[in-house]
Amino acid sequence: MKRNGEWLEIMIPTDWANQTVFHTLTTQLGVSKATIQKWNSATAIKRNNEKADVNHRVQPGDCLSLHLFKKEGYGVLPEKKTLSILYEDDHLLIVNKPAGIDTHPNQENQLGTLANIVAYHYQQHNIHIRVRHIHRLDKDTSGAIIFAKHDLSHSLLDQALQAKKIKRTYLALAEGNVSPSKGTINKAIGKDRHHATRRRVSPNGQQAITHYQVEEYKPNTNLSTISLQLETGRTHQIRVHLSFIGHPLAGDLLYGGKTNKIKRQALHSSKVSLDHPLSNEKLTVEAPLPKDMLILM
């Protein structure tokens, strides 16, 4: 497959022959039924440069074209700030979010978020597409975040996230000497009725599973460096789970951490691993540690 202007062109191989256009898109590319219906209504699917009938069968050598790269509004206001890009191609963008900013706006015309900076990056490179984040990080958590650059990659990356095929590794600094040095925290998380934003371990909450490994303990700072992987993506999951076992994140005042060493929760999304949504190439992208955590480590 290759890009041709605003279209993605797919040459039909022999082993895809005699499938309908609809079946080709769902089975070979993983496109959802709703997305195909939307594309079909917008004449965004062509076969050999003519509007495709999704019930017609494709033949070897046919060219199936998808209007993926059409011009769109950004959805947020562009804001001129430096963006730390870890990976980018026509289909996705992975950036290193600094601590202290939200992932996306929570109200119309809001500025100061990562999405605003991504929009400015698109604007500067004459890319006219909507800003589509695949997942979020808390305001004071730093690290890798994935953005999709069109409908198809958005749909496929969402599916991969739901199927737990996107692996996110975090590095954290926790108070005290965490023991045992390796384990799994399987405790449901729900809202705290006594606090608007805080979460807590609750038997009536949603299932939450965190795997952790202590990488190092430093007696002079009384901090453990921990790597973590999530099986679920609950709000504040790592923060709640580490606090629950008596080792809150350094700097995480909301969950019992101390702020004498670092002024925000010491949590960083250090690595994302995934299969590329279009090429299926295995991608592993690492986000460098921010200075405040690097100094303590």
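User: What makes the largest pocket a pocket, and what is its volume?

Analyst: Its volume is about 1200 Å³. Keep in mind that this is a predicted model, where local features need pLDDT of at least 70, side-chain atom pairs count only at pLDDT 80 or more, and totals for chains, interfaces and linings use all residues. Residues are numbered from 1 along each chain as its sequence is written, and side-chain values use heavy atoms, with hydrogens and water left out. As for the word, a pocket is an open set of points on a 1 Å grid over the protein atoms alone, where a 1.4 Å probe fits and protein lies on both sides within 12 Å along at least five of seven lines. The volume is the space filled by probe spheres set on those points, which are joined across faces, edges and corners.

User: Which residues lining the largest pocket are closest to its centre?

Analyst: Arg 136, Arg 168, Gly 233, Arg 234 and Thr 235, out of 41 lining residues. A residue counts as lining if it has an atom within 4 Å of a point.

User: Which helices and strands each supply at least two residues of that lining?

Analyst: Helix 4 (151–162), strand 10 (167–175), strand 15 (223–230) and helix 5 do. Both words refer to DSSP runs numbered from the N terminus: helices are H or I with at least four residues, strands are E with at least two. In the whole protein there are 6 helices and 17 strands.

User: How many residues of each class are in the lining of the largest pocket?

Analyst: There are 10 nonpolar, 17 polar and 14 charged residues. Ala, Val, Leu, Ile, Met, Phe, Trp, Tyr, Cys and Pro count as nonpolar, Asp, Glu, Lys and Arg as charged, and the others, Gly among them, as polar.

User: What about the second largest pocket, and which element gives the most to its lining?

Analyst: Helix 4 gives the most, with 4 residues. The space comes to about 340 Å³, and of its 17 lining residues, Leu 156, Asp 275, His 276, Pro 277 and Asn 280 lie nearest the centre. The lining has 11 nonpolar, 4 polar and 2 charged residues.

User: Why is the pairing of Lys 38 with Asp 151 called a salt bridge?

Analyst: A salt bridge needs a side-chain nitrogen of Lys or Arg within 4 Å of a carboxyl oxygen of Asp or Glu. In this pair the closest N and O atoms are 2.9 Å apart, so the pair qualifies. Lys 38 lies in helix 2 (residues 33–41) and Asp 151 in helix 4, so the bridge ties together parts that are 113 residues apart in sequence. The two also belong to a network of salt bridges with Lys 70, Glu 72 and Arg 132. By this rule the count comes to 13 salt bridges.

User: What makes Glu 79 and Lys 81 a salt bridge?

Analyst: Their N to O distance is 3.8 Å, so the pair falls within the cut-off. Glu 79 has 16% relative accessibility and counts as buried, whereas Lys 81, with 43%, is partly exposed.

User: How do you know on which side of helix 2 its buried residues lie?

Analyst: The buried ones are Thr 35, Ile 36 and Trp 39. They cover an arc of only 100° around the axis, which puts them on the same side of helix 2. That arc is taken from the directions from the helix axis to the C-beta atoms. On the other side of helix 2, Lys 33, Ala 34 and Ser 41 are exposed.

User: Where does Asp 252 lie, and why is it called buried or exposed?

Analyst: Asp 252 sits in the loop between helix 5 (237–244) and strand 16 (267–275). Its relative accessible area is 1%, so Asp 252 is buried. Leaving aside neighbours within four places in sequence, Asp 252 is in contact (heavy atoms within 4.5 Å) with Arg 239, Gly 257 and Gln 265.

User: How many of the protein's residues count as buried?

Analyst: Of the 297 residues, 49% do.

Note on methods: Buried < 20%, exposed > 50% of the residue type's maximum accessible area, 1.4 Å probe, protein only.
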